[in-house]
Every structure is written in structure tokens, then in C-alpha cells.
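Hi,

Here is the structure I said I would pass on. Have a look first, and my notes on what turned up in it follow below.

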Amino acid sequence: MSTAPWLPSLPFAATRAERAAVARERFFEHGQRPTGLVDEAVLQSWQRCIGQRRDRGEAVEVQPVSRLRLETALRRTRQLREAAQGELQHLEHALSQTACTLLLLDPQGLVVYASTPGVQAEGLVRAIARPGVDASEQTMGTNAPGLVLRTGQPVVLDAGEHYFDRIAAMRCAAAPIRDIHGRIAGVLDLTVEHVGFGFDPTVLVSLHAQAMERALLQTQSRHQTVVEVHVHPHALGAPGAGLLGVDDDGGVAWLDAAAERFTGAHGRVAGERWSCESVLGLGLAA
């Protein structure tokens, strides 16, 4: 196995970072597909980057976009940022003494909110942690926010799973935030460099993204009856409980993913309208 600059020389791949190093050697140097060493979504992202004729050894230019594009992104994400403000401040305070940096990105991968970089954050993280930086896959190569925008699922990337060698020491975890139409309204991301998270990033980023999504859904549903569902009453009011919006005529306007799971209301096609009675077993008055 060729030496990876961010790893010690070891005879076998025991950890996730070591498996990523082996995958990089097989994929980039031998043209092999290292199935099972890294996630399939990562391999597909590496392939897309190659298709864009990006050299994995090139320097990563972190430059803000134009002022007009940033202003447009801030305007379009204003509702999300206002709804998420409380959670963003809480999470930023919780991470203030760690090496972790918090980012909120728009559906195009543009940073629209960034915490003060963590106490151990280095140059690249500090360069990324500012509104207006394009952190999309097209610009930054394989990264967690870019994969979230592709897959719609929470993603954690370990050292070496990014495309570019220059950012191979970074670790990032990201989760989607959806609106009442089920579209991705933003992505919450946590990033560290040269160190581990020191906690389970999947749990933390997912819970806070869910809390931000709940706040956004309720903000967007001021003219609807918002119903909360869970199999246990003590779980109501917390991330993980399902939300759905009911119109004045008793039609279900939207459901989040948790409400779909709790009610079994899957498979609605575009334009199809369900009644709250068919979904919940209760009419609007009840």
C-alpha cells in the first residue's frame, strides 16, 4: 500500500481512514473499483470528479462567489435561517471549545451561515467557514454536503474519502433540512481537520438538522393545522416526532419523513390528495 500523508505506515487496513487510503490507491493508481472499502456514493462522486477532468492533486481554491450571488442565496434562505437561528446558536455554543466548525449551506452548496472556526481549526477550515464560499461538489470535490445534496441522506466522510489530496485530512458530517414540499431547503454540516470529532457526528448533526427542519415546517404552515405524531407521548415536541400539515378542508398538505413512517403514508404521487382521516383515522374536527 502506498504511503498516505495523513496516515502512519501500517501493514493492513484496520480503520475506516486506512481503508480509504487503500481505496484511493486502488481507484486512482490502479484503476480498480474498491467496492466495500468506501461507500458507493463516495465512489460515484470520485468518478464524477474524474469526469470533470479534476486532478486530485490540484490545489483547492477557496474563493467567495460574487456579491450578487451571495445576496440572492441569503434572500432565498432567509426563512430557513430565521427558523433555524435558535438551533444554530445552541449548537455553535455547544461546539465552541471543540475543533468543530458549523456550516449551513443552501441547496446549491453555498455557505449561508458559518460559526467561528473551532479552537483548533486550521487554514482550510477557516477559509471555508464564511458566507459566500461555494462548497459544492463541482468546486470542492467529494464532500459531505455535496453528497447530501445528491443522496438526500445524512453523510459522514472520514479522512481520505474526499476527492482532493489537499483536503484528505478533513472529516465532515452533514444532514439535509427539508421544506413542506419535501425539497432540500438547506444542509447542516460539521467539519474538523487533522483530528477526530470526539463524539458521534451523525447523531449530533441529524438531531439538530431535524430540529431546524421542524422549525421551518411550522414557519411555513401558519395557515394550516400542524399535527404531531409519535408512538410515545413523551417524545412529542422533540426531534424524531413526525409532523404533518392539514388544510382547512381536512386534506393533508404535507408530511415529513417521520410522519410518513409513523402513519404508513408512503407512496403518494405528485398531485394526489389524501384526507387526514385516511392518514390518521381522524377527521379534521377530531
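**Sheets and helix packing**

Leucine 103 stands opposite alanine 114, which belongs to S2. Keep in mind while you look around that this is a predicted model. That pair sits where strand S1 (residues 101-105) meets S2: the two strands run antiparallel and are joined by three bridges.

Which sheet do they belong to? S1 and S2 are part of an open sheet of five strands, in the order S2-S1-S5-S4-S3, with antiparallel pairing. At its edges are strand S2 (111-114) and strand S3 (155-157), each of which pairs on one side only. From one strand to the next, the twist averages 20°. Helix H4 packs on this sheet, where it touches S1, S2, strand S4 (170-178) and strand S5 (184-193). The direction of H4 makes about 170° with that of S1.

H4 (residues 78-94) also packs with H8, at an angle of about 145° and with the axes 8 Å apart. The crossing of these two helices is right-handed.

Helix H8 (residues 201-219) lies across S6, S7 and S8, and runs at about 10° to S7. The sheet here is an open one of four strands, ordered S6-S7-S8-S9, again with antiparallel pairing. Why is one side of S6 and of S9 left without a neighbour in the sheet? Strand S6 (225-229) and strand S9 (274-275) stand at the edges and each has a single partner strand, so one side of each has no neighbour there. Further in, strand S7 (residues 242-246) and strand S8 (residues 251-255) pair antiparallel over three bridges.

Helix H1 (residues 16-30) packs with helix H2 (residues 40-51) at an angle of about 35°, their axes 12 Å apart. H1 passes H2 in a right-handed crossing. Their contact is made by Ala23, Arg24, Phe27 and Phe28 on the H1 side, and by Leu43, Trp46, Gln47 and Ile50 on the H2 side. By class, that gives six nonpolar residues, one polar and one charged.

Where does the charged end of arginine 24 sit? It is over the ring of tryptophan 46, 5.7 Å from the ring's centre. Trp46 turns up again in a cluster linked by ring pairs, together with Phe27, Phe28, Tyr163 and Phe164. Across the whole structure, the search finds six aromatic pairs.

Cheers

Technical notes: Residues numbered from 1 in each chain as written. Predicted model: local features only at pLDDT ≥ 70, side-chain atom pairs only at ≥ 80, totals over all residues. Heavy atoms only, no water. Pairing = 2+ DSSP bridges. Contact = heavy atoms within 4.5 Å. Axes fitted to C-alpha atoms, helices over the stretch in contact; angles between N-to-C directions. Left-handed = near helix turned anticlockwise from the far one by under 90°. Nonpolar A, V, L, I, M, F, W, Y, C, P; charged D, E, K, R; others polar. Phe/Tyr/Trp six-rings, centres within 6.5 Å; stacked < 30°, edge-to-face > 60°. Lys NZ or Arg CZ within 6 Å of the ring centre and 35° of its normal.
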